[in-house]
Amino acid sequence: TYVVTDNCIMCKYTDCVEVCPVDCFYEGENTLVIHPDECIDCGVCEPECPADAIRPDTEPAMETWVEFNRKYSEIW
Ligand code: SF4
């Protein structure tokens, strides 16, 4: 899955939301988030993010971000 990380804070762009084929972006408190179970890992959103905030969970130490994205995509 891909996840949104802290560079997203205060970002006003939603280019990522527009390209996602499965609409798995949700609005968190200060960031957008990606629902980790709904993301199909297509990678299309990553280069669209002007803040470089979208990362694959295969990078080191991403567990906390996966849980953050899950929490805020299921909260509303
Ligand atoms: Fe959506 Fe693809 Fe990005 Fe996952 S990787 S959030 S499916 S655009």
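Is Trp65 buried, partly exposed or exposed, and at what relative accessibility? Trp65 counts as partly exposed, at 22% relative accessibility (buried is under 20% relative accessible area, exposed over 50%, partly exposed in between, with a 1.4 Å probe and protein chains only). The model shown here is predicted, with local features needing pLDDT of at least 70, side-chain atom pairs counting only at pLDDT 80 or more, and totals for chains, interfaces and linings using all residues. Residues are numbered from 1 along each chain as its sequence is written, and side-chain values use heavy atoms, leaving out hydrogens and water.

**View 1. Trp65 meets Phe68 edge-to-face.** Searching the whole structure gives two aromatic pairs (centres of Phe, Tyr or six-membered Trp rings within 6.5 Å; planes under 30 degrees apart are stacked, over 60 edge-to-face, the rest tilted). In the Trp65–Phe68 pair the ring centres are 5.1 Å apart and the planes sit at 75°, so it is edge-to-face. Both belong to helix H2 (residues 63-73), three residues apart, or about one helical turn (helices are DSSP runs of H or I, at least four residues, numbered from the N terminus).

**View 2. Phe68 and Tyr72 make a tilted pair.** Phe68 is partly exposed, at 25% relative accessible area. Its ring lies 5.0 Å from that of Tyr72, centre to centre, with 55° between the planes.

**View 3. Ring pairs join Trp65, Phe68 and Tyr72 in a cluster.** Within it, Tyr72 is buried, with a relative accessible area of 11%.

Notes
Helix = DSSP H or I, 4+ residues; strand = E, 2+ residues; numbered from the N terminus.
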